Amino acid sequence: MATPPLFTRALLALALTAGFTRALAQTALPPEPISLHTATAFHPLSPNWKLAGSLAGDPRREKPLTGTEGTGILVCNPGKEKADRGHLLTAWEHGDLELDLEFLLTPGSNSGVYLQGRYEVQLFDSWGVREPKSSDCGGLYIRYDTARGKGNEGYEGTAPRANAARAPGLWQKLHIEFEAPRFDTAGKKTRKARFVRVVLNGYTIHENVEVTGPTRSALPGEEAPLGPLMIQGDHGAVAIRGLAVKRFDASAAIAVSDLHYKLYSGDFKSVSAYETRPPTSEGTPARFAHTAVEKSGKFALTFTGTLDVPRAGAYRFELQSGSMSRLALDGRDVVLPLERGSQPGIVTLTAGRHPFRLDLVHTANGRPSLELVAEGPGIASKTLTVRGDDTANANRKKSTTIASATAPKQPRQLLVPVKDRTVVQRGFVPFDPRKRLYAASVGTPAGVHYAYDFEAGTLLRAWRGGFVDTLPMWDGRGNDQTAKPAGPALTFNAKPSVALIEYAADGDWPDQPDALFSSQGYVLEADGQPVFLSTLSDLSIRDRIAPVAEGRGLTRTLQFKGRLPSWSTWVLLAEADTITRQPDGSGWIVGDREWYIDWPAGAPRQPVLRTVAGRQQLAVPLTGSTLEQPVTYSLVW
């Protein structure tokens with residue numbers, strides 16, 4: 001999770017000062033940023049670690065990293081001497097932890113993030129690897145024991161589900177949810193360390209993976225409840241920024257007591273419609289669960305009781321239910337009711353007891369559901385309600401933990417295979433803020449795939465790994481009808497690729513295709529490769545998108561024939577807050593080192609960098625003299 005933008009943080013602080021805020025589109029409480037403007041959060045830095053303001057040079061191609069003067073980034077360039085190859089160690093220790101960081105690697109670079117200094121998530125230049133191993137980026141690294149005999153020293157380790165790594169020189173995002181091992185009062189380990197979830201560049205690569213012991217190159221010493229966060233500094237160049245954490249106290253929990261319920265039979269349209277009626281039944285439930293109350297059909301159910309919170313601070317509450325629901329604390333609404341569900345809320349609480357009321361209004365004939373999930377300062381997200389007769393799990397971790405060391409379940413999917421020819425899968429493409437109805441997903445044998453919007457003649461996203469998951473299309477009634485990427489994706493802006501600009505100097509790019517634009521479908525080459533066809537007034541467009549060597553990107557070629565419209569006609573290559581030249585002049589760096597555009601050397605036409613409404617657009621103007629020459633470029637990530 002990235003640190004909220006300044007405006008959001010200010011609004012959150014203001015609302016918490018007032019005592020309550022509705023959830024600001026947050027899925028959880030924000031993590032605590034670890035300042036990289038000084039090194040006070042760490043043990044004294046070894047010479048290979050330096051504070052920097054930004055990166056210079058060409059980290060896409062150069063192995064050493066060049067940092068500029070300033071702060072906000074930590075840059076590591078290991079030296080040859082032992083003193084110049086130290087690790088980065090936090091001055092604090094942790095047990096259960098949520099970690100967010102951004103990292104950047106140079107070609108062939110190798111580092112790692114060690115939870116408690118013992119359990120490694122690998123950071124490695126794995127760009128282009130088709131079948132990742134535990135030694136590739138995002139892998140949970142192997143354990144190592146020389147007593148196992150030569151050739152067998154390395155064991156265990158878990159490969160990521162897919163290779164979500166980006167190209168060298170790009171910033172990459174890592175999110176880790178970690179549960180520390182547990183020990184009894186005698187110091188005997190009673191539960192193994194567990195990676196609850198690991199997300200690399202927005203793609204979940206691990207869920208519920210246990211680690212039986214320290215991985216290779218861990219800090220010396222035995223497993224323990226606490227340990228420092230460590231980032232490896234002796235193998236290769238790496239830059240770190242955006243470090244933020246949530247440190248949890250496993251012994252801290254929110255307690256529920258003094259429970260009472262009231263059940264109202266009937267079809268109610270709001271959480272207040274039954275206030276003046278006598279309840280159908282009431283009493284003390286055996287457990288905090290809607291199933292503990294006898295009921296059938298349509299009804300309203302209220303629980304009242306007390307929440308005992310262990311420490312003061314901001315708490316987030318969420319009701320997980322398909323029915324209208326509400327939670328009030330200390331007489332104030334925290335979770336607000338919606339027609340089918342509720343809106344989570346954040347409230348500042350003092351340590352101690354707080355009366356609550358929970359309302360559930362079930363208006364459908366289907367089976368009701370209800371879970372109350374809470375998170376607080378140093379308190380991991382937990383479910384306070386219980387399911388069925390599972391009273392022992394009143395404070396279990398929210399749906400993410402597993403009961404044993406069995407292999408984690410893979411999500412159910414219906415994958416479309418791609419073998420020796422390119423596949424075009426028609427279907428709706430999920431894309432915020434609306435799914436694209438006139439679209440297709442294209443899978444290639446090179447393992448790099450993309451989604452194309454016919455309506456706008458544009459590239460929506462590109463990804464590697466599995467092609468598409470058609471479960472929402474083909475399972476049961478297939479209500480959603482979307483073909484979802486089955487691998488880690490890079491999403492683009494979805495604006496029309498070819499557009500008419502009224503004012504060439506500062507006219508903004510349209511969000512929707514021009515009325516003169518029309519898709520003409522596509523034709524297939526012998527190997528299944530599609531070429532998309534369209535017209536813009538009297539201008540014909542052929543759009544071919546195919547993998548570059550080793551699936552490390554996509555090359556797009558747009559060919560034009562006919563007559564240009566009277567307005568200025570442009571091809572949009574990229575739009576971002578910033579777009580900068582690659583140091584060697586071979587193309588551009590899009591955004592804050594998010595992806596690259598490579599431009600052919602000696603191309604007859606050159607893109608123009610436009611700045612409109614505070615954003616930059618890299619675009620190619622079409623002219624009559626160069627119309628017959630194609631626009632060709634590569635997207636690399």
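A: What follows goes from the cavities and a pocket to strands, then to a few single residues. The model is predicted, so local features are reported only where pLDDT is at least 70 and side-chain atom pairs only at pLDDT 80 or more, while totals for chains, interfaces and linings use all residues. Residues are numbered from 1 along each chain as its sequence is written, and side-chain values use heavy atoms, with hydrogens and water left out.

The structure holds four cavities of 30 Å³ or more. A cavity is a set of points, on a 1 Å grid over the protein atoms alone, where a 1.4 Å probe fits but cannot get out; a pocket is an open set with protein on both sides within 12 Å along at least five of seven lines; lining residues have an atom within 4 Å of a point. Grid points are joined across faces, edges and corners, and a volume is the space filled by probe spheres set on the points.

The largest cavity has about 50 Å³ of space. Its lining includes Tyr452, Phe517, Asp543 and Arg556. By class, this lining has six nonpolar, three polar and two charged residues. Here Ala, Val, Leu, Ile, Met, Phe, Trp, Tyr, Cys and Pro count as nonpolar, Asp, Glu, Lys and Arg as charged, and the others, Gly among them, as polar. Strand S41 (539-547) and strand S42 (553-562) each give at least two residues to the lining of the largest cavity. Strands are DSSP runs of E with at least two residues, helices are runs of H or I with at least four, and both are numbered from the N terminus.

The second largest cavity has about 40 Å³ of space. Asn163, Ala164, Ala165, Arg166, Arg464, Pro488 and Trp637 line the second largest cavity. Four of these residues are nonpolar, one is polar and two are charged.

The lining of the second largest pocket divides into 17 nonpolar, 14 polar and nine charged residues.

Next come some of the strands. Four of them form an open, antiparallel sheet in the order S38-S43-S48-S47. Strand S38 (498-501) and strand S47 (608-612) are at the edges with a single partner strand each, so one side of each has no neighbour in the sheet. The twist from one strand to the next averages 50 degrees, with axes being lines fitted to C-alpha atoms, for helices over the stretch in contact, and angles running from 0 to 180 degrees between N-to-C directions. Two strands pair if DSSP finds at least two bridges between them. S47 and strand S48 (residues 615-621) have five bridges and pair in the antiparallel sense.

Strand S29 (residues 371-376) and S30 are antiparallel too, joined by three bridges. S29 and S30 make a hairpin with two residues between them, and Gly378 in the turn has a positive phi of about 70 degrees. Five of the five residues of strand S30 (residues 379-383) are buried, so S30 is largely enclosed by the rest of the structure. Buried means under 20% relative accessible area, exposed over 50%, and partly exposed in between, with a 1.4 Å probe and protein chains only.

Some single residues remain. Most residues other than glycine have a negative phi, and most peptide bonds are trans. Gln116 has a positive phi of about 55 degrees although it is not a glycine. Gln116 lies in the loop between strand S9 (110-115) and strand S10 (119-124), and it is buried at 1% relative accessible area. Asp330 also has a positive phi, near 55 degrees, and its place is the loop between strand S24 (324-329) and strand S25 (332-338). Asp330 is partly exposed, at 33%. A cis peptide bond, with omega about 5 degrees, joins Asp432 and Pro433. Pro433 is in the loop between strand S31 (423-426) and S32.
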